[in-house]
Amino acid sequence: MGVEGIGARVTRKEDKRFLTGKGRYTDDMTVPGMKSAYFIRSPHAHARIKSIDASAAKSMPGVIDVLDGKQLQADGIGNLICGWMIHSKDGSPMKMGAWRPLAAETVRYVGDAVAIVVADSIGEARDAAEAVIIDYEPLPAVTEATAALEAGAPQIHPEASNNLIFDWQLGDPDATDRAIASAAHVTEIEIVNNRLSPNPMEPRATLGIYDSAEDHYTCYTTSQNPHVARLVMSAFYNVAPENKLRVIAPDVGGGFGSKIYIYPEEIVCLWASKKTGVPVKWTSDRTEAFLTDAHGRDHVSKVKMAFDADNRITALKVDTIANLGAYMSLFSSAVPTYLYATLLSGQYAIPAIHANVRTVYTNTVPVDAYRGAGRPEATYLLERTIETAARELGVSPAELRRKNFIRSFPYQTPVIMNYDTGDYEASLDAAMQAADWKGFAARKAQSEASGKKRGIGMSCYIEACGIAPSQAVGSLGAGVGLWESAEVRVNAVGTIEVLTGSHSHGQGHETTFAQLVAGRLGVPIDSINIVHGDTDKVQMGMGTYGSRSGAVGMSAIVKALDKVEAKAKKIAAHLMEADEQDVVIENGELKIAGTDKALPWFQVALAAYTAHNLPAGMEPGLKETAFYDPANFTFPAGCYIAEVEIDPETGETDIIQFVAADDFGNIINPLIVEGQVHGGLAQGIGQALLEAVHYDSNGQLLTASFMDYAMPRADDLPSFKLSHQNTPCPNNPLGIKGCGEAGAIGSPPALINAITDAIGNNGLTMPATPMKVWQAMHAAH
Amino acid sequence: MTKVTLTVNGRAMSGECEDRTLLVHFIREKLGLTGTHVGCDTTQCGACVIHMDGHSVKSCSILAVQASGSTITTIEGLAGQGELHPVQAAFKEHHGLQCGFCTPGMVMTAVDMINREGGSLTEEKVRAGLEGNICRCTGYHNIVKAILAADAEMASGRQAAE
């Protein structure tokens, strides 16, 4: 490990621009002649559009045009798609209803886009939107998934009768039922996973620029995966062929999943730019973000966990209803299936598992992946269930988990996954020690003496990162491959550009990826630039989500570096008249082992480009490309412990301590990894204590601002105690597992287990607001 | 349209705007200083915090015309060209930022906090003082650490100067 290489706490290269106001986000972009767009959105959760009259609006000051869904359809712009095919257990394909970028006949949620106003200023666009007269015929609406399945519920899409999208299963139902029937103990519980709004601090934005001379489109957008955006807009939405469409995701202010998807606004602004002949920029305001950014979670599940007389888990049965909102978002079908049910074994050896999942349309914002995506739902369900079982069985929750841990690897679960490595006991022990688990009883007594209730709870999570390999995900229904690309471009003076298909929106790739190269070559980190986020610069990539950039993106860089080094060694051997096998790269030099012969890195690079003296037949230049397709997922795991104190007068929860012990395999930059855990924990704690999306019975979103939706603030959270265990991943060259989502996955059950431990009532749902805690506490007595 | 004249980051600047224009939009669109961000529309998130006449202000909460005549510092003017203010340096040192979007507002709030209560800040005070700034990436852990470190650094600098 060098000062700037793998394992070093290198401060971030990208920080200076963000700290001095020089970051460049989509809304910061301006181009000559640019105009502002405002989207007119449905105020109804469900309605038929009878007519749209924009004649008065079009003659208002500053207005360029008002465009609607019929015009969009007439121009052949396609419907939005869901890119992961799921089949129901009866073999039928999922029932996907049409999602038009601008609704033409029917609106299906409050916020559904109906028309776009383009004007000189956003103020004028808003004023004109007020003058567009839309005659709606309101229809009955439904927002809860369970209600949407009931007979007589409003029908949202004609394609999906009873609003059922698919009825899917995984695992062995017969073996599971048999094990439950013969169990010594069965724990039954209903689990609700609350609907959340991702809320990256940068609202979504897009700038569509049509160049009529070249018949070419440029799309600046707040995207986690600009290449996928180009692919989808070109192949499915009929915006333009790929060679006529450039997508640029500049600095992106957080994503957490919500910026994976291609939304109506990107498509409509590009189309509107062509229609109006001016560049068109739209920036979401926060209320619009609540109304249109894909939400997360929203599951209701019934669970049975069976134990033998020795308290070993013999079976798990799960029946889940997942709310997918009004339309199927890009990866929405994968989240409650292959990203959820495949993780239901957790860290435990469970011989029989069966999961049944029904997904449902409702008149709400589409639901898709949000930090963790399916894995938080699985972890919350499993860790609440095992905690409940421990209480029913009268055994220590830590020891019940320990008894059931998987201990030998690789381990094949009954739900597809093959865990490569892990040491769950190491994380459990580290967390219990850091939390002083043994001293809890004394602390609880102290709290009681001062009239407070104290509780402790844990959660042992597992997640699957770097979804792969492409062939396997293709066989499960994915419409894309899940590899990554890299290009390492050594300049003639030895400085280096690394082009990656990963996309940083806060993860620090410009630093971490540069550390990898600096460590390998021994060159200064400042001589390395990471290039990403532009389809004209980087050939093709799959983007950043699912904690894949390290395990998959960096592995692609390793492959490209291998090729660059091999060629550089050949050149150095030729120049120094030595055998290439004897060349080593160290501290920025290519050396002949066992001699004092050496050439500086830049001299070898220069030789590659002057091409005056290269080995016979070698092409000039020093630039290599690689595509990396992993052999398997990676499986980060860990143990989180929360300790809380509750004021019985108010029901308010105070987090006394929060301990996280994570196994992410090898770590490139501990500073950045710790930051990822902190942020994930805050989002998980937000889900457990504060955050919830609420609709009223008519489908109006009640939580559409930061005054109504409780985001975690600094004084809601403690400082965190972290530690890392390490079982390196054997399936990628760096041995890394991914760390981006763990905090959000593992923390909610630890907190709810702690609160229910404190109040002695297990029937608490998230978010555990003071009111709910107070009510649960009083119901318990 | 009304003419607004301000001293921004030490320079006199002016521009025309509609009366309804918020100061944050004036700064971003008329003055081209895009370091000040808009993260909400209900004055909750603090991404737009600037200093007006020496005090931190959410620039989305006042009209540009109300600010006319005042002296403004934005994130771009906090330190000299190519330099970092001690608070900016501490955010970098302690990884107090990830996506960078809330960062300008966080830094401007932190500088004001240290200006007001420098030398006596505690974790509890810093967390309370950040109530009006939302970050979705960092969990605040390293922001709090950075502000306390900057406070200590600046206090020792003041002592050395005395």
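Colleague: Hi! Is the crossing of H4(B) and H6(B) left-handed or right-handed?

Modeller: The crossing of H4(B) and H6(B) is right-handed. A crossing counts as right-handed if the near helix is turned clockwise from the far one by less than a right angle, and as left-handed if it is turned anticlockwise. Helices here are DSSP runs of H or I with at least four residues, strands are runs of E with at least two, and both are numbered from the N terminus.

Colleague: What should I know about the model itself?

Modeller: This is a predicted model, where local features need pLDDT of at least 70, side-chain atom pairs count only at pLDDT 80 or more, and totals for chains, interfaces and linings use all residues. Residues are numbered from 1 along each chain as its sequence is written, while chains are lettered from A and ligands numbered from 1 in the order in which they are written.

Colleague: Back to that helix pair. At what angle do the axes of H4(B) and H6(B) cross?

Modeller: Roughly 40°, and the axes come within 10 Å. Axes are lines fitted to C-alpha atoms, for helices over the stretch in contact, and angles run from 0 to 180 degrees between N-to-C directions. H4(B) and H6(B) are therefore oblique to each other. For reference, angles under 35 degrees are roughly parallel, over 145 roughly antiparallel, 65 to 115 roughly perpendicular, and the rest oblique.

Colleague: Which residues make the contact?

Modeller: H4(B) brings B:Met106, B:Ala110, B:Met113 and B:Ile114, and H6(B) brings B:Ile143, B:Ile147, B:Ala150, B:Asp151 and B:Met154. Two residues are in contact if their C-beta atoms, placed from the backbone, lie within 7 Å. By class, that contact has eight nonpolar, no polar and one charged residues. Ala, Val, Leu, Ile, Met, Phe, Trp, Tyr, Cys and Pro count as nonpolar, Asp, Glu, Lys and Arg as charged, and the others, Gly among them, as polar.

Colleague: And which residues of H3 of chain B are buried?

Modeller: In H3(B), residues 86-93, they are B:Val87, B:Gln88, B:Ala89, B:Ala90 and B:Phe91. Buried means that 20 or more other C-beta atoms, placed from the backbone, lie within 10 Å of a residue's own; 12 or fewer is exposed, and in between is partly exposed. The cover over those residues includes H1 of chain A together with H4 and H6 of chain B.

Colleague: How many residues does the contact take from chain A and from chain B?

Modeller: It takes 42 residues from chain A and 45 residues from chain B. On the chain A side, H1 (15-19), H9 (286-292) and H18 (670-689) each supply at least two residues. H18(A) gives the most, with seven residues. The chain A side divides into 16 nonpolar, 16 polar and 10 charged.

Colleague: I'm curious about B:Thr138. Where does B:Thr138 lie?

Modeller: B:Thr138 is in the loop between H5 (123-129) and H6 (141-161) of chain B. With 28 other C-beta atoms within 10 Å, B:Thr138 is buried. Leaving out residues up to four places away in sequence, B:Thr138 touches A:Gly675, A:His678 and A:Gly679 in chain A, plus B:Gly96, B:Leu97, B:Gln98 and B:Ile143.

Colleague: Nice. Over to chain A: at what angle do H11 and H12 of chain A pack?

Modeller: H11(A) (residues 397-404) and H12(A) (residues 424-434) pack at about 165°, with their axes 10 Å apart. That makes H11(A) roughly antiparallel to H12(A). Their crossing is left-handed. A:Ala398, A:Arg401 and A:Arg402 in H11(A) meet A:Glu425, A:Leu428 and A:Met432 in H12(A). Those residues divide into three nonpolar, no polar and three charged.

Colleague: What kind of peptide bond runs from A:Ala468 to A:Pro469?

Modeller: A cis one, with omega near -10°. A:Pro469 is in the loop between S18 (453-462) and H14 (470-475) of chain A. The bond from A:Met766 to A:Pro767 is also cis, with omega near -10°.

Colleague: Last one: what is phi of A:Asn238?

Modeller: Near 60°, a positive value in a residue other than glycine. A:Asn238 is in the loop between H7 (226-235) and S11 (245-248) of chain A. A:Asn238 is partly exposed, with 15 other C-beta atoms within 10 Å.
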